[in-house]
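Have a look at the structure first, and then read on.

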Amino acid sequence: MKHLMKGLVASAALAGVLAVGQAAAEEPVRGGTLVTVLGSNVRNLNSAVQSGIVTGFPGAQLFASPLRYDEDWTPQPYLAETWEVSEDGLSVTLNLVQNAKFHDGTPITSEDVAFSVEVIKANHPFKSMFAPVESVETPDEHTAILKLSKPHPALMLAMSGQLMSILPKHIYGDVPIEEVKTHPRNNEGTVGSGPFKLVEYKSGEHVILERFDDFFIDGRPYLDRIVMRIITDPAARAIAYENGELHMGAFESLPRIINRLKGVDGLTVTPEGYGAIGPLDWLAMNTQKGPLADVRVRQAIAYAVDKNFIQNALMQGTAADSRTGIHPDSPFYNANVPTYDLDLDKANALLDEAGFPMQDGKRFDLTIDFGWPGVKPQVEYVKAALKKVGIEVEVRASADFPTWAKRMGEMDFDMSWDTVFNWGDPVIGVHRTYDSTNIGKGVWSNTQGYSNARVDELMAMAAVESDPEKRKELYAEFQEIIATELPVYHTNTLPYHTVYSDKVGNPPLGIWGTSTPIDMTYLKE
Amino acid sequence: MNVLRTFLVRAGYAVVLLTAVLVLNFSLMHLAPGDVADTISQSMGGADQELLDQIRADYGLDQPFLVQLGRYVGGVLQADLGFSFFYNEPVTKLILERLPATLLLVFSAQILALIVGVVLGVISAQKPNGIASYLVTFTALFGYSAPVFWTGILLLIAFSLQIPIFPVAGMRDVTVDGNFWVEAADIARHLVLPMITLASVFLALYSRLARASMMEVLGSDYVRTAKAKGLSPREVVYKHALKNAVSPVITLAGLQFSAVISGAVLVEAVFSWPGLGTLAFQSIIARDTPTILGILFFSALVVIVGNLLTDLALRLVDPRVGGRK
């Protein structure tokens, strides 16, 4: 019995380590070149200074982070063998793997961890990740202690995926900290800590990575090489999956292409692997302007806009329902919030009640913006849907993204279609949209001008709450208020899908998708 | 002497043109709301105001317009096209990396369109109401009317998916490793579809013009004389008529050079051809002013050089051009 228990525990532990992606029924094979794809040019391969999904894939292969996550959102050891959060939540100790080396053979030490935190704090756009980190102590080569000004549970997710890349101090420390973002060795001669090292980055063509033989996990990675081709046209990518030129690709989001590839033999198309990045589509409403300042008007709009139509007709069934600012795959998601099924009578009643009576079939005018061509159908649909309740909508196209971003940042809009990412913990990607101290501070801030003291309070409490269950409760109430007051009407997830061929074993379908090391992915023979 | 003078006058025009291209485009780019800081923040999934301000300060975007313009033009005068905000690389390096791919595509498509266009035009001119002539006209008009991205995707579906003989995208297969000839063959394989796509548009123009001018020439006195001398129809067409018929086509090809380059933007986007077109497209979307201006500068240069080459070619086929006595 005792023996059996031990075996069970051991196999459970092993399964936990192996199971990022699918339960590995077959034995992984060493060797081979995985040909995969990036949908746009990479600005910077150094994920410590550049965020975003395109940098995330090569970045997480080149640079290791202290932790990684399993499918159940539980942290797992990676560069940190073990870790410990102090009782008061004010210090986090990382015990680094002893034999870890950078790609040039130098050992990875706690000095490098301290340096990387400094670089990320100075250069990375997500300031909330490490803002509470006051200093990093390095009592010995393999121990780094992060000292915090307040408890910061969001740190755990911020230490995984592409968010905390460990850089070699002896390479990137030769310039002032703020200048690491333009360091000549970001895209050329890069020295990383991850499972793969850089062979070549050719702008507009490809990123080629090669197995790092001295990687700190024995026997990994399984692949010899990864070729990331840069193909910007989605239709050309689709043909390349179909004719076998590409083994795998992520972030495909066109419903028509997703559905077509689903019918191709030998390909699997799945929405798994986007929980942590958490991309959400929504209808943003400027709560400081005209009729939209009235919560009843915003609710009426939600009743008049049919989510089902957006999810099933416009997105052709590829997008999942989302009801709050937190992605449905997140453990903090609360589905039990007010919803707004299509109901024109209710919408009309609410608009009457708010003091906007129907006169000659019309109540008032609004504008709607959009920042990129892909969401034009949604915007045109909103126009048509709101006409039925007497709201005359003018669609304002923007010449390009910066034009739209400027309008949003300055809150010069009534409504807009928008896509925003969670980026791991709600503290990083969710708070920014609802925090009343973050109103109108550039694109993807609180551009709705939303302000609610209780929401601010709930976010502040959740940010420092160490008990996961209590945090969940705080976020549950937060989501209920958001779904009632509707600074944004959440309609659906952005239908990101990963495509992979039957030849690929263990594709990266964990919470971070391709923004994690794919050291366990292999090519079947 | 004459040639030298022509060349100097041309070079003078080129400098004026290039300056106008730079100043006008710089001003136009500046008029649009928003800037590259916004697209950098987009590529990073959002940034706060502090970081946006820092990016603007880093790249001098917070300076007054005239200061920015002065700095830029000053830099260009010292042969410095500046630093790409978006790609963090010197613009000259970025462009020189991409230029060969575009030149290869543009010149090969242009040559293909010219040769095939002239051959088709000549064939159809001999029997203007024959079936072959209608076929040529139909094909030409089809190629001209169809948008290039559509032709491109169709060719991809046909020859990369249904009959997989050509690769889908890019310019080379990174797994191919060999000597110069192996790599050249690999590039040629990748070149076929984009080249045909780009050539299809201009093929129409050249074949129609070649047909018209061939018909005109075939009706002229000296051709009748040649026929009367008892020369075979073959000799009449290819030895006597062709040289005269082809010179308007070459003139048109020169004038079309800028159109071929702009056509290349779309073709490159469809086939992920790593040339200037893809770069231009991405830099415009990213509002990366130095890169856009650099590309316009180089495109203008290529057009000027292309026109000069056309002139030279004309001199070769038609001795009357160039004012030689």
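## A threonine and its neighbours

Leaving aside residues up to four places away in sequence, A:Thr514 touches A:Gly56, A:Phe57, A:Gln61, A:Met248, A:Ala250, A:Phe251 and A:Pro508; contact here means heavy atoms within 4.5 Å. You'll find A:Thr514 in the loop between strand E19 (504–505) and strand E20 (522–523) of chain A. Its relative accessible area is 3%, so A:Thr514 is buried. Buried means under 20% relative accessible area, exposed over 50%, and partly exposed in between (1.4 Å probe, protein chains only).

A few ground rules: this is a predicted model, where local features need pLDDT of at least 70, side-chain atom pairs count only at pLDDT 80 or more, and totals for chains, interfaces and linings use all residues. Residues are numbered from 1 along each chain as its sequence is written, chains are lettered from A and ligands numbered from 1 in the order in which they are written, and side-chain values use heavy atoms, with hydrogens and water left out.

Helices (H or I, at least four residues) and strands (E, at least two) are DSSP runs, numbered from the N terminus. Two strands pair if DSSP finds at least two bridges between them.

In chain A, 5 strands make an open sheet in the order E15-E14-E16-E13-E17, with mixed pairing. Strand E15 (391–397) and strand E17 (488–493) are the edge strands, each pairing on one side only. From one strand to the next, the twist averages 30°.

Now for E16(A), residues 415–421: 7 of its 7 residues are buried. A:Met415, A:Trp417, A:Thr419 and A:Phe421 point one way, while A:Ser416, A:Asp418 and A:Val420 point the other way. Here is who partners whom:

| Residue | Bridge partner in E16(A) |
|---|---|
| A:Asp281 | A:Thr419 |
| A:Leu283 | A:Trp417 |
| A:Asp369 | A:Ser416 |

E13(A) (residues 279–285) runs antiparallel to E16(A), with 7 bridges joining them. E14(A) (residues 364–370) runs parallel to E16(A), with 2 bridges.

Helix H12 (residues 401–409) of chain A lies across E14, E15 and E16, at about 100° to E16(A). Axes are lines fitted to C-alpha atoms, for helices over the stretch in contact, and angles run from 0 to 180 degrees between N-to-C directions.

## A hairpin

E6(A) and E7(A) form a hairpin with 2 residues between them. These strands, residues 133–140 and 143–148, run antiparallel and share 5 bridges. A:Glu137 has A:Ile145 as its bridge partner in E7(A).
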